[in-house]
Amino acid sequence: MGPIELKRPAEFLRTHLLRPFSALADFFYPPACSVCGISTGVHRGLCAKCWSGIRFIERPYCEVLGIPFSHDLGAGILSAEAIANPPAFDRLRSAATHDHAVRDLVHGLKYRDRTDLAPMMAAWMLRASDGTVESCDALIPVPLHRSRMLTRKFNQAAELARHMARLSGRPLLAATLMRVRHTSQQVGLGAKAREDNVRGAFAIAKGSENDIFGKRIVLIDDVYTTGATVAAASRTLRKAGATDITVLTFARALSEPI
């Protein structure tokens, strides 16, 4: 029996037996835009209006901070911010700017328990990762403190990392990095206050040091604003021996391209 014949039972199941259930699901839960809810042709998609409002972050951009440039300045060009204040990580990549539809997606996942959005968001992040996910040794989500988990019910960064691990086949270390100190909400705090708020907040789980030492790590979060949280987490990973750290977020707060 050849390879084509071996696939036929699964193909038959998918095309004939599961189709009625899919049609029934579409009847009760018709495909709709993940942002505004208007009817669309596919699940986990966006309508034309919401899609047109997304600003994906594409090259040319700063190779360290991922800040987009208004025009191409040549390969390897860094932004003034990256030169003046080198970050604790090696590079930052984000899928889109944190405005309009992207903000609604972030809030939906984070505050409205829309975990159904995570697979689509993770796919966009994987595309924006600039090959760092494929070449890394492990994916690590920015953790929540256990007290925050009780009220939030799930960690949005871990949910994004879980789907990214599934899509890329890279290992997910969901419990290696810990948030050992309860911190205040970062929303509404200035840059200096955010930095003070997360200082000493992270640690490597006991017995997990070998997960980090000598490894290339991709640190996952939903949004990059001032960078205080991922900087504190990156310093913990670097102290534990990580040789390369990429911060990968779904969105980032950004002014106009420079």
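**Exercise 1.** With which residue does Glu 63 form a salt bridge, and how far apart are the closest N and O atoms?

*Solution.* The model is predicted: local features need pLDDT of at least 70, side-chain atom pairs count only at pLDDT 80 or more, and totals for chains, interfaces and linings use all residues. Residues are numbered from 1 along each chain as its sequence is written, and side-chain values use heavy atoms, with hydrogens and water left out.

Step 1. A salt bridge is a side-chain nitrogen of Lys or Arg within 4 Å of a carboxyl oxygen of Asp or Glu.
Step 2. The partner of Glu 63 is Arg 59, with the closest N and O atoms 3.0 Å apart.
Step 3. Relative accessible area (1.4 Å probe, protein chains only) sorts residues into buried, under 20%, exposed, over 50%, and partly exposed in between. Glu 63, at 23%, is therefore partly exposed, and Arg 59, at 45%, is partly exposed.
Step 4. A network of salt bridges links Arg 59 and Glu 63 with Arg 93 and Asp 130.

**Exercise 2.** Determine which parts of the chain are tied together by the salt bridge of Asp 90 and Arg 238.

*Solution.* Step 1. The side chains of Asp 90 and Arg 238 meet at 3.0 Å, N to O.
Step 2. Asp 90 lies in the loop between α4 (80–84) and β1, and Arg 238 in helix α11 (residues 228–239), so the pair ties together parts that are 148 residues apart in sequence. Helices (H or I, at least four residues) and strands (E, at least two) are DSSP runs, numbered from the N terminus.
Step 3. The whole structure holds 13 salt bridges.

**Exercise 3.** Describe the surroundings of Thr 183.

*Solution.* Step 1. Thr 183 is in the loop between β3 (177–179) and α10 (191–198).
Step 2. Its relative accessibility is 4%, so Thr 183 counts as buried.
Step 3. Contact means heavy atoms within 4.5 Å. Beyond its neighbours within four places in sequence, Thr 183 touches Arg 148, Asn 197, Val 198 and Ala 201.
Step 4. Val 198 is 15 residues from Thr 183 in sequence, and their C-alpha atoms are 6.5 Å apart.

**Exercise 4.** Which residues have the most contacts inside the largest nonpolar core?

*Solution.* Step 1. A nonpolar core is a set of buried Ala, Val, Leu, Ile, Met, Phe, Trp, Tyr and Cys residues joined through side-chain atoms within 4.5 Å.
Step 2. The largest has 35 residues, and Trp 124, Leu 139, Met 164, Ile 220 and Phe 250 have the most contacts inside it.
Step 3. Helix α6 gives this core its largest share, eight residues.
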